[in-house]
4 protein chains.
Amino acid sequence: MLASASSPDVYAQAIATRLLSRDPFGQWLGLELGEVRVGYCQLRFRVRADMLNGFGALHGGVAFSAADSAFALACNTHGRQSVGLTATMDYLEAGRLGDVLLVEAREESLKEKVSVYQLRITNQLGTLLAMFKGTAYRTRHEIL
Amino acid sequence: MLASASSPDVYAQAIATRLLSRDPFGQWLGLELGEVRVGYCQLRFRVRADMLNGFGALHGGVAFSAADSAFALACNTHGRQSVGLTATMDYLEAGRLGDVLLVEAREESLKEKVSVYQLRITNQLGTLLAMFKGTAYRTRHEIL
Amino acid sequence: MLASASSPDVYAQAIATRLLSRDPFGQWLGLELGEVRVGYCQLRFRVRADMLNGFGALHGGVAFSAADSAFALACNTHGRQSVGLTATMDYLEAGRLGDVLLVEAREESLKEKVSVYQLRITNQLGTLLAMFKGTAYRTRHEIL
Amino acid sequence: MLASASSPDVYAQAIATRLLSRDPFGQWLGLELGEVRVGYCQLRFRVRADMLNGFGALHGGVAFSAADSAFALACNTHGRQSVGLTATMDYLEAGRLGDVLLVEAREESLKEKVSVYQLRITNQLGTLLAMFKGTAYRTRHEIL
């Protein structure tokens, strides 16, 4: 038997797939799931013309939205419905039309009621475009 | 003649109108300009079905995007091109399908190179849904 | 009888007084309680020479600490022990030796498990030196 | 001769040593310089009884202050006087009396006018107590 994901990670992937399939705005963003594990999530999306701002660069809200989506998926991989309380976004470099951006969410802390995540958005050259930090409240409600 | 906006405020409105007219994602959001003055900007938009997340509530990224747009307009009303450095979003209550949301950006600090804004997002009942704080870097480039 | 504070506000004042009296670092800061109500707290302190940084201005950490203290008092005025999850500090103007600073904490949101506060630090001239935003988790433990 | 630090790193260490030696509040905190390189700084300090809060844990302001100091040193290692614009602190675990805390500041972005840092505070067991993110404005003034 080849190396395989552990059962909690398979469950995490099922949750992420289900949430993203029911997420109209996530679909508008064209988010594609990459690696998903418990407490971890990767997304990719391509910068389209309708995602630009008044200066011709990627709208900061679109970059934030992709990060917020990866944050939401990562904090829900534990199976308990979690909601974002607060998030911080740092803009380092502008995204450009046609860029393929990688969004990576990593769990920094998991407690009974609260979890914290750091995210990085990089482009196809590996340049760091933005950092995001999110804090989530974990309800008792099971997702699946 | 009746009371009228001062010349700097008229200039501020011209800048905001121009930036928003050239902002593809701002148009997707359906943002409508309300009151605009130097250092101040109001926007309104209606929550559509394609703005929801996987739990059936307004996607946090859409709320952030509307705030980020009002922040961008407010910090550019001085006429010098300004770019967001960092922003913080606090989610207090979920937005719902059909809500008409008011986004209000208020300047808290204006210095030679940096300006800071506080924003509030409220729904049609006056309920505070989210708070946003943004810090901008002011370039030397004139917008108009 | 003259106008008097309501019973919950008297209780809030008792909590703030007690917490501050047992707070060694708050005492080092020389924090003096001003107005306290449920969800609201004012503190004052004077900038001493041992509060300065390597550039001769008020150390940002001291300003933050005074704000963090007012935040802690305000979120505990409801009687349930509350702990800070995350805080954001914006530095607008430097504090100077001898300044008497006013720190004011205002509740923006109170939910069953989480509360959010905005704070402002002003000097004796009314100049806004810093803004602070804090999010607290509310435990079930009663303070008094 | 054995491996030695490069000249810019030696310069960075001279700046950090000088700033800390003139920093009254940094001395009150008992901050000890560890590794310093261009864009990087480590500090250590011991939690004393006068650093505690009203609940008997390390006052959040003291933890923030140590991080703010490491942030200030790291952003000044390039030799241009830099000032903090905004900072975010996430509290994950409480510090305790007698803990020896390590504060590590890492540069995430350096641009002409603005730089961004991520910091972590860990205790003697390696447990992550807090995360900090700071954004600095870089003046033209040379420090040495």
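This is a predicted model: local features need pLDDT of at least 70, side-chain atom pairs count only at pLDDT 80 or more; totals for chains, interfaces and linings use all residues.

**Symmetry.** I laid chain B on chain C: a turn of 180 degrees and a shift of 0.0 Å along the axis do it, with an RMSD of 0.0 Å. That makes the relation a two-fold axis. I then looked for the C-alpha of chain B nearest this axis, and it belongs to Thr88(B), 4.1 Å away.

Next I compared the interface residues of chains B and C. Of those in chain B, 100% are interface residues in chain C as well, so the copies meet through the same surface.

**The A–B contact.** I turned to chains A and B. Each side is counted: 30 residues from chain A and 30 residues from chain B make the contact. Which elements of chain B supply at least two residues each to the side touching chain A? I find α1 (7–21), α2 (24–28), α3 (60–76) and β3 (80–91). The largest share comes from β3(B), with eight residues. I also sorted this side of chain B by class: 14 residues are nonpolar, 11 are polar and five are charged.

**Strand pairing.** How many bridges join β3 of chain A to β3(B)? There are five, and the two strands run antiparallel. In chain A, β3 covers residues 80–91. I looked up one bridge pair by name: Ala87(A) has Met89(B), in β3(B), as its partner.

How values were computed. Residues are numbered from 1 along each chain as its sequence is written. Chains are lettered from A and ligands numbered from 1 in the order in which they are written. Two residues are in contact if their C-beta atoms, placed from the backbone, lie within 7 Å. Helices (H or I, at least four residues) and strands (E, at least two) are DSSP runs, numbered from the N terminus. Ala, Val, Leu, Ile, Met, Phe, Trp, Tyr, Cys and Pro count as nonpolar, Asp, Glu, Lys and Arg as charged, and the others, Gly among them, as polar. Two strands pair if DSSP finds at least two bridges between them. Copies are superposed by least squares on the C-alpha atoms of residues with pLDDT of at least 70 in both.
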